[in-house]
Amino acid sequence: MINPYSNRKYIIGGIFIAFALIFIIRLFYLQIIDTSYKFSADNNSQRRITKYPARGVIYDRNGKILVFNEAAFDLMVIPQQTKQFDTIDLCSILEIEKDEFTKKFKDAKLYSTYRPSVIISQISSKTYAILQEKLFKFPGFFVQGRTLRKYPQPIASHILGYVGEVDPKKIKENAYYKQGDYIGISGIERTYENFLRGQKGVSIFMVDVHNKIMGSFAEGKFDTAAVIGTDIKTTIDADLQLYGEKLMSHKKGSIVAIDPSTGEILMVVSSPSYDPGLLVGRIRSKNYVNLLKDTLKPLFNRAIMASYPPGSTFKLVMALIGQQEGVLNANTRYPCSKGYAPLGGHPKCHPHGSPLDLSNAIGHSCNSYFSYVFKSVIENKKYHNTNKAFEAWRNIALSFCIGKKTGSDFSYELRGNIPSIKYYDKIFGKGKWKASTVISLGIGQAEMGITPLQSANVVAIIANRGWYYIPHIVKSIGNNTNDTTLARFKIKNYTMITDTNIFLNVIQGMSDAVESGTAASLKIEGINFCAKTGTAENPHGKDHSVFVAFAPTNNPRIAISVLVENAGFGAAWAGPIASLIMEKHLTGKIKRPDLEKHIMETNLIGD
Amino acid sequence: MKRKINIFKSTDWLIVSLYVVLVILGWINIYAAVYNEQYSSIFDFSQRYGKQLVWIGAAFLIALTIFLFDSNFFSFFTWPIYGVMLFFLISVLIFGKETNGQRAWFELGSFRLQPSEFMKFATNLALAKFLSSYNFKIKNFRSLLYIGLIIFIPCGLILLQNDTGSSLVYLAFVFLLYREGLTPYVLFFALMTIILFLIAMLVDKFLIIQVLLVLAPIVFFLLNPKIKIVGIGIGIFALAASIFYGINAAIAYKYSTYYVFFAALFLSAIAILIIANKKRIAFASMIMIFLVSSVTFTFAVNYIFTDVLEKHQQDRINELLGITSDPLGTGYNVNQSKIAIGSGGFAGKGFLQGTQTKFNFVPEQSTDFIFCTVGEERGFIGTVVVLSLFTIMLLRLIFLAERQRSVFSRIYGYGVASILFFHIVVNIGMTIGLAPVIGIPLPFFSYGGSSLWSFTILLFIFIRLDSNRFESLA
Ligand SMILES: [Zn+2]
């Protein structure tokens, strides 16, 4: 055999097989074990474009638009798909600083190299037109259509709330939201987010290596259509709202007006306010910081989030409780010597005739009178002990939503406060306190706190003679008038006082106040109404001017609560404002232009 | 007539079938790779798949023509063929068309021809002719010199065309030479060099020296189980190491511990070599030489890489080894290729469903990266089938070569296997990130007339020679 190295065929064959095996192991790893390549492939070749639906439009009770949408565009980037590009050119198109762009681009890369991130949000249509033509120079970048909130009138900012980018916490909680999505942050935008937002859709396109769209993926089989947000009709009267905001200009305070027959909130003013347009689009974060820094707290919705001593409003409730508990009737008389004599003239009172009956005591808002009433309620013989009487008093007050949330559809509604037995036991010791220890509760002072919304609701209850609908700002959602979300606003709620006669005595007092008492100067031609002036003691400065009213006396259509901070006596500022609003709402016009002008032009903030 | 029937009967139809199957699979995958909805017919001659069909037809004609030649023709005309091909190589350098920085193509209208492709079978013929000549002794220096000339003249000319990939193919002849008696050290050191190089690039040099230092006494003990001698060796190293460590400490640790080990290894190597020589322990010398050369080699690779090579050269090598991942930079092609193959999964995405190849994410997808299409659309099943077909072909070639009575035929057969092996390993290897990106086609698969025809000629000359194996020796 002349074939000396024949055995080497095995070595060579072995090497061939070894390489084949190494390759097969490698392929097994690449194709079966490591799944990351599959994901990369989809990302490489698919572009998911989210279709953002327009948010629902919000209307006032008469169909006037409060907020709608306008088109806006976000510049997006998928960092992995970018190539070398002219940063300066892009920045000049976008009219932004290079540093800002560089930072955002870096953030986008940090977030994800293969998922789209927003680089510049809300580009104007003009910039968009220029950008669109040059976009081919910037592979990896694309424009995503969005909508922005737009307000025909700069009103009702606290009611409507605002929309902003969803935060990381929410993204974790709710899979619907993705980075860069918008979400309602306050007001109706927040409460009714699920209706207003609609449903995002997605289009999946195939893209080639140049990021050019080659057509839809799987003939659009996996695309979903965007569902437009549901429109919402509010209970707000835009004209009245605007009028109220004008009256409250240069004043701190709030107005809440409710239609007692339905619980629909006609207007909510919290002053100072802000232009809702300030919190839209690219300017939002800058303006937000400025508004947050403002010492007058324009972002703070006083109408539902500020707690004031209920003061004179509570005297009305005291009058009701006294009668309910059988310790008071229309003819009950108590003396007043510039204060409550049994405790050495405390609480103090202003000069007026003495003694007074219930109606006059309401008309004059007598502190002494309601201190007597409170004492008789707490020392009521039928309970045998203070605690039981106090608990009965407290429960009735709670049934008026004093110190209890009304359950309205406002986000962040404040509970207010009505002290409990436990609380006083802690302060004074068990059994070591009695009516005279906590006497100022009778005139709605001390630890008591109530929001202007709760105050208006109390007035609505009195106007209705004992019942109320939960105050609410949304009338209907979409075309569905029987939406279950709103069902709770259609249930009549009764207080613990159901005898209408008890209410009539109080109403008589409120009516007298307008006819001949503290609110006599605020009469509205041709309309009988009931009111109660008051002053809320302010331990931090000048007292707040308070005024509650409902009109007309019979079949009332508006119950209103006005509070002007640091403005002194109720009839001075809060009264005229309430009177003008009722006149406007009931007659559609104002016959007292001088008063209106005077109120609008007066600056009570002092800057 | 009688002779023709003999040829028909004695032709190895298995290898012919493998060839036809691979060519057709290649054509179908080219169709999938460059599929264009506008020209969806696979017979559309304006598209690459249509053209490839023409090249395939021509290839079959070429194969048939080869069978018309007398089997002695190739042996007889080896040198003229080699000469003519060299002439083409030289003339392409002068008259060729430059594309992508390479001067490797002749252009006749729309038709392009790459002479370097055809040089392969000519060189293979020349080697077979020379090695099978009477009096040939592979251990003879003069013979080795001639072999070197036969291989490196075309290799050098192709390098001048700036086509590094094609010139590297000639390294494959090491298998042929090994089979014909070349010292196994050449093959062994070639493989060792590649492995050490990869290790040096991937692993920290300090770790390498530590592992080798631990392995050396273990290997010695396995070969020559005498504790005492192992102990002496370790003792010598420990002594040397502590001396150098002391020196380094004295100069406030100016050098890292790596250099202490390095110097200690050299010193103890000399000592052990002297002792081993006296005591006639051959293993010890062998192990120490291997140890020192391995460490020196990895050190050199490291040094050359960081201090000699330029940035873009470093990038190329790094990308191959997966050290730095820069998906859109130098590693782009390989990364996209791996994504395409990896996304195929077990069964693939289905015919024409490959998103990566279809939308041009993979570069050169019908030529150098055709294997991606197989991987993406046919999955693991497809890649294993194709790889198996190639491996069966290679093993069949060895089998056929070994059954030749003519030395010329046997050597030529091994040459065919060597060249195909090199192409397959490097081409598939680069698509799965195991070999550098050097643009050489996948035999029978890749788009292009020149490469298909040259592989057809290469293979069918051997099939023709094989069909004649029963005739008298040439
Ligand atoms: Zn009084």
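This is a predicted model: local features need pLDDT of at least 70, side-chain atom pairs count only at pLDDT 80 or more; totals for chains, interfaces and linings use all residues.
Strands, zinc and cores: a working chat

Student: Is S11(A) largely enclosed or exposed?
Tutor: Enclosed: seven of the seven residues in S11(A) are buried, so the rest of the structure largely surrounds it.

Student: Which residues of S11(A) point which way?
Tutor: A:Gly253, A:Ile255, A:Ala257 and A:Asp259 point one way, while A:Ser254, A:Val256 and A:Ile258 point the other way. All of these residues are buried. In a regular strand, side chains alternate between the two faces of the sheet.

Student: What is the strand order in the whole sheet?
Tutor: In chain A the order is S12-S11-S18-S17-S16, an open sheet of five strands with antiparallel pairing. The edge strands of chain A are S12 (264-271) and S16 (530-536), and each of them pairs on one side only. On average, neighbouring strands of this sheet are turned by 5° against each other, direction ignored.

Student: What about the S16 end?
Tutor: S16(A) pairs with S17 (residues 544-551) of chain A over seven bridges, in the antiparallel sense. The bridge partner of A:Gly534 is A:Val546 in S17(A).

Student: Which helices go with this sheet?
Tutor: Helix H19 (residues 500-515) of chain A lies across S16 and S17 of chain A, and runs at about 80° to S16(A). Helix H20 (residues 574-587) of chain A packs on the sheet and touches S11 (253-259), S12, S17 and S18 (558-564) of chain A. The direction of H20 makes about 150° with that of S18(A).

Student: Changing topic: what coordinates the zinc ion?
Tutor: The zinc ion is coordinated by A:Cys336 (SG), A:Cys349 (SG), A:His352 (NE2) and A:Cys366 (SG), at 2.0 to 2.4 Å. The spacing of these donor residues in sequence is C-x12-C-x2-H-x13-C.

Student: Why is the arrangement called tetrahedral?
Tutor: Because the four donor atoms subtend angles of 100 to 125° around the zinc ion. The ideal angle for four tetrahedral donors is 109.5 degrees.

Student: Are A:Cys336 and A:His352 buried or exposed?
Tutor: A:Cys336 is buried, with a relative accessible area of 11%. A:His352 is buried too, at 17%.

Student: Back to strands. What does S3 in chain A do?
Tutor: Strand S3 (residues 65-77) of chain A is joined to S5(A) by 10 bridges, and the two run antiparallel. A:Met76 stands opposite A:Phe142 in S5(A). Strand S5 (residues 141-150) of chain A is mostly covered, with seven of its 10 residues buried.

Student: Last one: which residues touch the most other members of the largest nonpolar core?
Tutor: B:Phe121, B:Met393, B:Tyr412, B:Phe444 and B:Leu459 do, in a core of 115 residues. A second, separate core has 95 residues, including A:Ala72, A:Ile188, A:Ala361 and A:Ile473.

Key:
Residues are numbered from 1 along each chain as its sequence is written. Chains are lettered from A and ligands numbered from 1 in the order in which they are written. Side-chain values use heavy atoms; hydrogens and water are left out. A nonpolar core is a set of buried Ala, Val, Leu, Ile, Met, Phe, Trp, Tyr and Cys residues joined through side-chain atoms within 4.5 Å. Buried means under 20% relative accessible area, exposed over 50%, partly exposed in between (1.4 Å probe, protein chains only). Two strands pair if DSSP finds at least two bridges between them. Helices (H or I, at least four residues) and strands (E, at least two) are DSSP runs, numbered from the N terminus. Axes are lines fitted to C-alpha atoms, for helices over the stretch in contact, and angles run from 0 to 180 degrees between N-to-C directions. Contact means heavy atoms within 4.5 Å. Donors are N, O and S atoms within 2.8 Å of the metal (3.2 Å for Na, K and Ca); water is not among the atoms, so sites may look incomplete. Four donors count as tetrahedral if all angles lie between 85 and 135 degrees; four count as square planar and six as octahedral if opposite donors are over 155 degrees apart and all others between 65 and 115; anything else is irregular.
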